[in-house]
Amino acid sequence: MYLSVQGKVIHSSEFRIDPLSESLMYGSGIFETIKFERDEICFLQDHLERMRSAAQTLRMELCFSDEQIETFLHDLIAAEALAGGVAKINLLSNLKENILMITTRQNPYTAEQYQNGFRLKISEYRRNERSSLVGIKSNNYLENILEYRKAKAENFDEALFLNSKEEIAECCMSNIFFVRSGVLYTPSDNCGILKGIMRSKVLTLSNEIGLAVRAGQYGIDDLMNSDEAFLTNSV
């Protein structure tokens, strides 16, 4: 397996990070997960814009241009000889400098899953909509991972978080939409969600085609009484 570190493609066995780095000690870092197909890296500009905003909030410096990062991605995809898959861009705190690390993997979603639909459970834990990390795709992701693993162990595909007000927030790795009487609904930004790239695309496209859209505060009853529901993420 190869990865890109500070723009250089290396074998994974060569990667080193200081054991006292904030990234290892405290999970200090941010990431973006991006789908790619052959030479196309999907919505890269949107991902990098969100990443730079998060870096600024966390006072982390992303000292490479968008053009450089795009080159790093293409170099790594070529080294791995992948026709399609998922790239993950990580900005890691490593004492005196931040490290830009890029990895690739296969896309985990299958055509069968899309045909069968996704089974969703309600998490027993509540999302803190006032958290300082709301809206930041940070490496402090363990709560999401634990709930996702629990959902998979119980034969579900995803888990849905409610916030402290018992409002629908988001899933472990996706945003949620539901439709009722021809209107598209989704939790608003202040419900404690990450504003997903695909969520934004769905909202923009819906407005362009004249579909009524409502972003607001909704409970489980609203979801259960909907005509249909779907999830989105960048993969």
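Colleague: How many nonpolar, polar and charged residues does the lining of the second largest pocket have?

Modeller: This is a predicted model, in which local features need pLDDT of at least 70 and side-chain atom pairs count only at pLDDT 80 or more, while totals for chains, interfaces and linings use all residues. Residues are numbered from 1 along each chain as its sequence is written, and side-chain values use heavy atoms, leaving out hydrogens and water. A pocket is an open set of points on a 1 Å grid over the protein atoms alone where a 1.4 Å probe fits, with protein on both sides within 12 Å along at least five of seven lines; its lining residues have an atom within 4 Å of a point. For the second largest pocket the lining has 15 nonpolar, 6 polar and 3 charged residues (Ala, Val, Leu, Ile, Met, Phe, Trp, Tyr, Cys and Pro are nonpolar, Asp, Glu, Lys and Arg charged, the others, Gly among them, polar).

Colleague: How much space lies in the second largest pocket, and which residues are closest to its centre?

Modeller: The second largest pocket holds about 580 Å³, a volume being the space filled by probe spheres set on grid points joined across faces, edges and corners. It is lined by 24 residues, and F118, A229, F230, L231 and T232 are the closest to its centre. Two or more lining residues come from each of α4 (111-116), β7 (120-127), α6, α7 (220-224) and β13; β13 gives the most, with 4 residues. Helices (H or I, at least four residues) and strands (E, at least two) are DSSP runs, numbered from the N terminus.

Colleague: What is the strand order of the sheet that contains β13?

Modeller: Strands of a sheet pair through backbone hydrogen bonds, either parallel or antiparallel. Here two strands pair if DSSP finds at least two bridges between them. The open sheet of 4 strands runs β12-β11-β10-β13, with mixed pairing. Its edge strands, each pairing on one side only, are β12 (213-216) and β13 (228-232). Within this sheet, β10 (175-180) and β11 (183-187) pair in the antiparallel sense over 3 bridges, with V179 opposite L184 of β11. Helix α6 (197-208) packs on the sheet and touches β10, β11, β12 and β13, its direction making about 150 degrees with that of β11. Contact means heavy atoms within 4.5 Å; axes are lines fitted to C-alpha atoms, for helices over the stretch in contact, and angles run from 0 to 180 degrees between N-to-C directions.

Colleague: In what order do the strands of the sheet with 6 strands lie?

Modeller: That open sheet has the order β2-β1-β6-β5-β3-β4, with antiparallel pairing. The edges are β2 (8-11) and β4 (40-41). Between β3 and β4 there are 2 bridges, and F36 stands opposite I41 in β4. Helix α2 packs on this sheet, touching β3, β4 and β5, at about 180 degrees to β3.

Colleague: Which residues lie nearest the centre of the largest pocket?

Modeller: Its 44 lining residues include F31, K137, Y141, N144 and C172, which lie nearest the centre. The largest pocket contains about 1,000 Å³ of space, and α5 gives the most to its lining, with 5 residues.

Colleague: How many aromatic pairs does a search of the whole structure find?

Modeller: The search finds 8. Rings of Phe, Tyr and Trp (its six-membered ring) pair if their centres lie within 6.5 Å; planes under 30 degrees apart count as stacked, over 60 as edge-to-face and the rest as tilted. One of the pairs is F31 with Y141, edge-to-face at 5.2 Å centre to centre and 90 degrees between the planes. F31 lies in β3 and Y141 in the loop between β7 and α5, 110 residues apart.
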